[in-house]
Amino acid sequence: MQKIEELMREKAAALLQDGTADCVLAWRRGEFPYDHATAVFHTGEELEELTYDCFCPANLAKYLIQTSRAGQKAAVFLKPCDTYGVNQLLKDHRIRRDLVHAVGTPCGGMLDIRKIRAAGCRGIVAIEDRGGDVAVTCAGGPVTLPRAAVLLRKCLACKGNDYKIADEEIGAKQAVPQAPADRFAEVEAIEAMTPEGRFAFWQQELSRCIRCNACRDVCPACSCEQCIFDHPGSGADGKAYADASQEALFHVIRAFHVAGRCTGCGECGRVCPEGIRLDLLNGKFAKDINTCFGPYQPGEDAETPAPQFTFRPGDPDPDTAVRNEDRRDGHA
Amino acid sequence: MRKLNLADLDKLLGALAREGRVYAPFRRNGRTDFAWYGAAGEPDLENYTVKAPKDVLFPQVEPLLEFRQEGRRLALQAAPLPQGKVIAFGVRACDIRGFAVLDKVFLQDPQDEYYKARRDSLTVIGLGCSEPEETCFCRTFGLDPARPGADVDTWAADGCLYWDARTEKGKALTDALGGSVPFADAGEEPAAVARQAAALRDRWDKLPLHGLHFDERLAAQELPAFHSPVWEKLAPTCLGCCTCTYVCPTCHCFDVRDEKTGPFDTERYRCWDSCMDRDFTQMPHGNPRKGRLERFRQRYMHKLVYFPEDHEGTFACVGCGRCLKACPVNLNIVKVERALAAELADTAKEGSE
């Protein structure tokens, strides 16, 4: 991906130079082979630090809220899946189209450093993405891992290599990392559980929550000016509760709130320090919306309103629709 | 020194659990974290934990007071001080220093009674590191990961757990275990432990942060550091979440909140808080740190400048590297320190020219 990185630097320099952009949203090279930080670049000199490779999973779309609000024209490098977030933010009127210059940036699938560590890599000194496999140099010696085994979860159900919004594209599109897995397979597995089993599963997941709010803060659909859970006047501004069940309520309320706007980018699951499967909670809503109202992908474009926000004659009662679907699947 | 076959680790934990509540690293769902003995998961002496064990002294939520409205009267009931012995097992050198940093905060006058009660009843069993990760930089703070420095130090090497009771508390605990743990004598300086320490030193030199130095002069540079352009460069992409704070062994801010538990009942408790949070430090006019930059700056100024200023040069960082792994956007104290130290060095150079 070396070449894409160079194209990005040139593109960023040109956009800053000709005034198309006041700033550029991209990634800054890290300490290690895998810890590139999200970054805002304002000058050509800083661009030396701009980097891009298989360790740039973060979706930069959310930063457009702050640049738009500041009236800055921002050029933003977007992987195909990130473009859904930009469309959704446009649809939610959180960003200004005239202040966004979207540059489609090819992606061949991002790697998960947690999976690399879990595969036994300790004291990581270098990582080389060789296409079919990943060569990791550790303090104790080299380790080679199949690339498919260390792909980020969100890349296993890749939405494809098309940009849903782009003012221009750089580099050649890359192939989807592997045949996309069924996005809802894991949601269906949870639906198939008994109510007790499902409750135990979610209790097990959500009881690990430390209320760091990273899931919310990274989410392009969580774009409120001020979150009710941070608002001292809201009566719901818990930092942590004496009663642990309220932690679970935070996640359930958030899932309701982003339903129909969650693009399924998977960032909530990626950033959770405790590895809580928040993506499954949101996935359940996405699946139910599809079931009730027909296929709908938030962020596919910037115009089509979400099914819950429109009334069409013949819309089913959601409760009935989901139950009918359950019956078809042979559940109680 | 004594030793125990690692196959008997369960016996040891069971015996410890008869002496007090045991807090130890357990692995479940592919992640390792400190948990109370008896919870699900396997004890894990290899992997580093996601969170620091600071909650054994400073729980995320701690009840302080209950009050009940009885007619025109308010009945107050202070939460009882925590009681009973607690044993933290498998604590690394970095986290033991983390406890020492917390001590500086909570045990200084006025002492925090709840913390003091927990501290007094805690016995710490340290664990020597064998395989530090690339994110580790405890040596930057003069720590030796092979020598935890707890009440009892242990090392998992060559299929055995080596056991060295160092303090009165540690010796008392060892005596109390008596014959219930099949310890064998291991001599003064077991070769397996020495070999592990030597291997660790070799390995350390290969890791990317092996020569990392935190600049002590930052503490004397409060204003230049505060006004540094570094913040404008790094802060804009901070998400403002509390992940770094909550996995950190030294972050110690808390909020005090009231929660209605019934029509006439309220519980007052304290809970972890973070300067990254928008509703941190609510003053009559709101949070004095209005934006992301101010909040981001506060966390690092506290760790690198204010805390050393107030505590004889001790950084509020122990090099555990957890925030390096946990930050969703890969900002962290190493990047901030490097940028800040470099920038201040440049300024100093310009000044002398």
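This is a predicted model: local features need pLDDT of at least 70, side-chain atom pairs count only at pLDDT 80 or more; totals for chains, interfaces and linings use all residues.
**Figure 1. Overall build of chain A.** Chain A contains 12 helices and 9 strands. Its radius of gyration is 21 Å, close to the 20 Å that the globule rule gives for 332 residues, so chain A is as compact as a globular protein of that length. Of the 332 residues in chain A, 43% are buried. Among contacts in chain A with a separation of 6 or more, 69% are between residues 24 or more positions apart.

**Figure 2. Domains of chain A.** Chain A is divided into domain 1 (1-109 + 160-181), domain 2 (113-150) and domain 3 (183-332). The centres of domain 2 and domain 3 of chain A, taken over C-alpha atoms, are separated by 33 Å.

**Figure 3. Overall build of chain B.** Chain B has 11 helices and 13 strands. The radius of gyration of chain B is 22 Å, close to the 20 Å that the globule rule gives for 353 residues, so chain B is as compact as a globular protein of that length. The C-alpha trace of chain B spans about 75 × 60 × 40 Å along its principal axes. Buried residues account for 44% of the 353 residues in chain B. For contacts in chain B with a separation of 6 or more, 70% come from residues 24 or more positions apart.

**Figure 4. The side of chain A that touches chain B.** In this contact, 34 residues of chain A meet 42 residues of chain B. Three elements of chain A each supply at least two residues of the touching side: strand E2 (37-41), strand E6 (124-129) and helix H8 (214-218). The largest share, 4 residues, comes from E2(A). Sorted by class, this side of chain A has 20 nonpolar, 6 polar and 8 charged residues.

Figure 5. Strand E1 (residues 23-28) of chain A pairs with E2(A) in the antiparallel sense over 5 bridges. Within this pair, A:Leu25 stands opposite A:Val40.

**Figure 6. A sheet of 3 strands in chain A.** This open sheet has the order E6-E7-E8 in chain A, with antiparallel pairing. The edge strands are E6 and strand E8 (141-146) of chain A, each of which pairs on one side only. From one strand to the next, the twist averages 20°. Strand E7 (residues 133-138) of chain A is joined to E8(A) by 6 bridges. One bridge partner pair is A:Val134 with A:Leu145 in E8(A).

**Figure 7. A sheet of 4 strands in chain B.** The strands of this open sheet follow the order E6-E5-E13-E12 in chain B, and their pairing is antiparallel. Strand E6 (73-78) and strand E12 (254-260) of chain B are the edge strands, and each pairs on one side only. The twist from one strand to the next averages 20°. Strand E5 (residues 61-70) of chain B runs antiparallel to E6(B), and 6 bridges join them. B:Glu66 has B:Gln77 in E6(B) as its bridge partner.

**Figure 8. A cis peptide bond in chain B.** Most peptide bonds are trans. The bond between B:Asp109 and B:Pro110 is cis, with omega about -5°. B:Pro110 is in the loop between helix H2 (93-106) and helix H3 (113-120) of chain B.

**Figure 9. Positive phi at A:Arg211.** A:Arg211 is a residue other than glycine with a positive phi, near 55°. Its place is in the loop between helix H7 (195-206) and H8 of chain A. A:Arg211 has 23 other C-beta atoms within 10 Å, and is therefore buried.

**Figure 10. Positive phi at B:Thr281.** B:Thr281 is not a glycine, yet has a positive phi of about 50°. The residue lies in the loop between strand E13 (265-272) and helix H9 (292-310) of chain B. B:Thr281 counts as partly exposed because it has 15 C-beta neighbours inside 10 Å.

Definitions and conventions:
Residues are numbered from 1 along each chain as its sequence is written. Chains are lettered from A and ligands numbered from 1 in the order in which they are written. Two residues are in contact if their C-beta atoms, placed from the backbone, lie within 7 Å. Ala, Val, Leu, Ile, Met, Phe, Trp, Tyr, Cys and Pro count as nonpolar, Asp, Glu, Lys and Arg as charged, and the others, Gly among them, as polar. Domain bounds come from an automatic or database domain assignment. Two strands pair if DSSP finds at least two bridges between them. Axes are lines fitted to C-alpha atoms, for helices over the stretch in contact, and angles run from 0 to 180 degrees between N-to-C directions. The radius of gyration is taken over C-alpha atoms; the globule rule is 2.2 Å times the number of residues to the power 0.38. A residue is buried if 20 or more other C-beta atoms lie within 10 Å of its own, exposed if 12 or fewer, and partly exposed in between; C-beta atoms are placed from the backbone.
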